[in-house]
Each structure stands twice: as structure tokens, then as C-alpha cells.
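Please look through the model below before reading the notes. They cover fold content, dimensions, surface, charge and aromatic packing.

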Amino acid sequence: MEKALIALAAALAIGLSALATAWAQSRIGSAGAGTIAEKPELTATVIIMVAIPETMVILGFVVATMILYR
Amino acid sequence: MELLQPMEGRGYPADYLLARLKGRRGYLVADWEGVLAAAEPLAAIPPSPYRPPLVDATDEGVWAGLLREYGWVRRQMDEGLRRLFAPVFGCAELRTLVLALRAVEGGEKERAERLLAHSLLPRRLLHRLRGSADLAAAVAAVAEETPGAAAWRRRLGEAFRRRGVAGVEETLTDRHLAEGATARHPEIGVFFAYLVDGRNIVALHKHLRWRIAFPLPLVAGGRLRPDLFRNAAAAGDPAAVFPLVARLTGREAGPEAGSVEHLLLTGLTRKLRRRGRESEVAQVLDYLWRCAVEARNLSLLIHGGAQERAALRTEVVR
């Protein structure tokens, strides 16, 4: 039972952060595409902006690993 | 009243559209004071890749530019936003329709053709307008192609017989505004309610200034109570409209502040700019309105080239 709960906690940690990252990147990505269409000189900034939410899923992955291998 | 042709393609997400509008907004004229202070106001308009060149510009060219921009914005919208903004685009198309009817009335077939070139009106209606032999046939096409029961067609026909194109314009506009004011989205509903109130205030002002005897025609859907209009009408003084203007715009208003129409347009511009910071729909609405205001101001500059600069300054909306 305890093992199942640990696995569920790890799954939630990575799953929820992945969903949040996906949602944030979808919005930032479409706004970024619009920005690049109007001002191509902002391409580098937009790529950085799209990459920032990745930190959420990376942190989720770290937390999930810590839960599983504590 | 659906006055638009269906659009092909599914458009893009709202975030994409908003980002593009933010970029394009930077090309709209912001410093009208600077333009009016220049020796040649039209030459002082900063260039924009999205606006046709203003050298030898005409009223018609400016309007076509606005329609092109509206067409572009509509193509970028997703299905939901297209449905939501249909009454707003319909407003611009109503003006195109009326200008085309006037061109048909004046026997200017080529001008009517140019006006309809960038129109978003339904293709069937465009086809029938282009093929209309005379004004009566064109008005009949409008009556038949706009949604509505037989009573609506009779009403439009009656308005045409009594007052010509002006009657058709008034009937179409009143219906469009009243329907727009019932829009479910609060931003669109509030926008149309303001237009209805503004139209009623302008009608009341004309009523009082020219001492017209027939009852005041009020369009339904405004936020100002009808008894305020009736009380102002009973006062018999054209200045009685200014408290209504102040109530609508939320700013002090008096004859010294400018013409009633100018005060109303400036009030709406400020309101939309403020609301545009709060929601996505309001942001799109603000952009569309800014484009319309810019087109109006450019037309004023084109027509008012020889006018006193002070007169232009009181009419340009910013």
C-alpha cells in the first residue's frame, strides 16, 4: 500500500508539472509565433520565453525522483 | 443580423492574434498633436507597412485600407472570436453598404465596385449589388439578402420609399445596433450599448437644435434610461444633452469642450483603451476601434486640408 502511494505521489509530481508546462508553452508558443511574425528580431527572446516553463517539468521530475529513491 | 461572408480556414489561437495586434498597434498614429502641428499634416503621418500610402490619398482609399485591415484581423481569429466579433465587423460593412448604395444612386458604378472590392459582405449580396441596374434593385437585394421576416423587408422598403438611402441607412443601423447591444459577451454588449446611447444622444441633439416636432426616435439597448432622454427633450435646450454625454463618458461635458459627436467618440476611445488592459476581447475591440478612429482622422485631414488648424484640432479624436 505504501509503495502504491509513493508511486502515485511521484506520478502526480511529474504529471501535474508536465501538464502545467504544456499549457504554459502552448500559450507562450502561440503568442511567440505572433511576436516573431511581427518582429523577427525578437526570435531569440521568444525562444528563451518558450523554454522557461520547461523548468517546471524538470523540477517535477527531480521531485518525483526524490520521492521514489529517498 | 449576420452581414458577413463565411471565412475559410480555422484561424489561429487568440494569443497569436493578440501578439500580432500588439505589434501592429505600434504602427497606428499615436501623436496626433504632432501631426496637427506639422506644416503638412498628411506628410507628417509616420509610415506604416499596414497602411496604404497617403500621398494623393482619398477618403475611399482610407476606408478600403480599414476594410483590408479588418479582413486580415478576421482571418487571424479562431471560430469563437469570429462569431463574437461578427457584429463589430458588421458595423464597418454597414457603412460600406450605404456608401455603395449612394454610389449606385449617383450612377457611379465603378465607385461602387471599388467600395465593394474589400468588403466582407456575403458574396451573394455583393454579386446582386454589383449587378443591380438601379438603386431600387440594390435596396431590394439588401432587403432580401439580410436575414429577417417579410415584415423586415416591408419596413426597409417603406424606409426607402419615404427617405431614400438615408432611410435605409437608419433602419439598418438601428437594427444592427439594437441587436449588437444584446450580445452575450459583456465587452461586446457594453460597446454596442455605448453606440446606441451615443446614437440616441446625437439624435436628441439634432432634435433640439433644429426644433423637430415629431417624436424622438430612440434605439433600444442603451444603458441610459429613456426617461432621461424624454426629460432632456422636454427641456427644449440643445445644451440639455451635455449631462447625458457626461453620464455616458464619465467626464465633465459642456458646449465649450467640443461637439457632441467628438465628445462621444473621445469618451469611447478612452473607455476602450482602459478596458483593453483588462481582457483579451477588450484588447481586440480596442485595436479595431483604434483602426476606425485612425481612418476617421485621416479622412478629416484629407478633407480638411484647407480648414483652420484649430477646427481640425477640435474634430480629430485621440
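The points below are grouped by topic.

This is a predicted model, in which local features need pLDDT of at least 70 and side-chain atom pairs count only at pLDDT 80 or more, while totals for chains, interfaces and linings use all residues. Residues are numbered from 1 along each chain as its sequence is written, chains are lettered from A and ligands numbered from 1 in the order in which they are written, and side-chain values use heavy atoms, with hydrogens and water left out.

**Chain A: fold and dimensions**
- Chain A has 3 helices and 0 strands (DSSP runs numbered from the N terminus: helices are H or I with at least four residues, strands are E with at least two).
- The radius of gyration of chain A is 16 Å, well over the 11 Å from the globule rule for 70 residues, so chain A is more spread out than a compact globule (the radius is taken over C-alpha atoms, and the rule is 2.2 Å times the number of residues to the power 0.38).
- Along the principal axes, the C-alpha atoms of chain A fill a box of roughly 55 × 15 × 5 Å.

- Of the 70 residues of chain A, 21% are buried (under 20% relative accessible area, with exposed over 50% and partly exposed in between; 1.4 Å probe, protein chains only).
- Chain A exposes about 4,700 Å², and carbon and sulfur atoms supply 79% of that area (Shrake-Rupley method, 1.4 Å probe; for residues, only the protein chains shown count as cover).
- Chain A carries 4 positive and 4 negative side chains, with the centres of the two sets 11 Å apart (Lys and Arg are positive, Asp and Glu negative, His and the chain ends not counted; charges are placed at NZ of Lys, CZ of Arg, CG of Asp or CD of Glu).

**Chain B: overall**
- Chain B has 15 helices and 0 strands.
- With a radius of gyration of 20 Å, close to the 20 Å that the globule rule gives for 318 residues, chain B is as compact as a globular protein of that length.
- Buried residues make up 52% of the 318 residues in chain B.
- Chain B has 48 positive and 38 negative side chains, and the centres of the two sets lie 3 Å apart.

**Aromatic packing in chain B**
- B:Phe191, B:Phe192 and B:Trp289 form one aromatic cluster (rings of Phe, Tyr and Trp, using its six-membered ring, pair if their centres lie within 6.5 Å; planes under 30 degrees apart are stacked, over 60 edge-to-face and the rest tilted).
- Both B:Phe191 and B:Phe192 are buried.
- The ring centres of B:Phe191 and B:Trp289 are 6.0 Å apart and their planes stand at 75°, so this pair is edge-to-face.
- This pair links B:Phe191 in helix 10 (residues 186-209) with B:Trp289 in helix 14 (residues 280-303), 98 residues apart.
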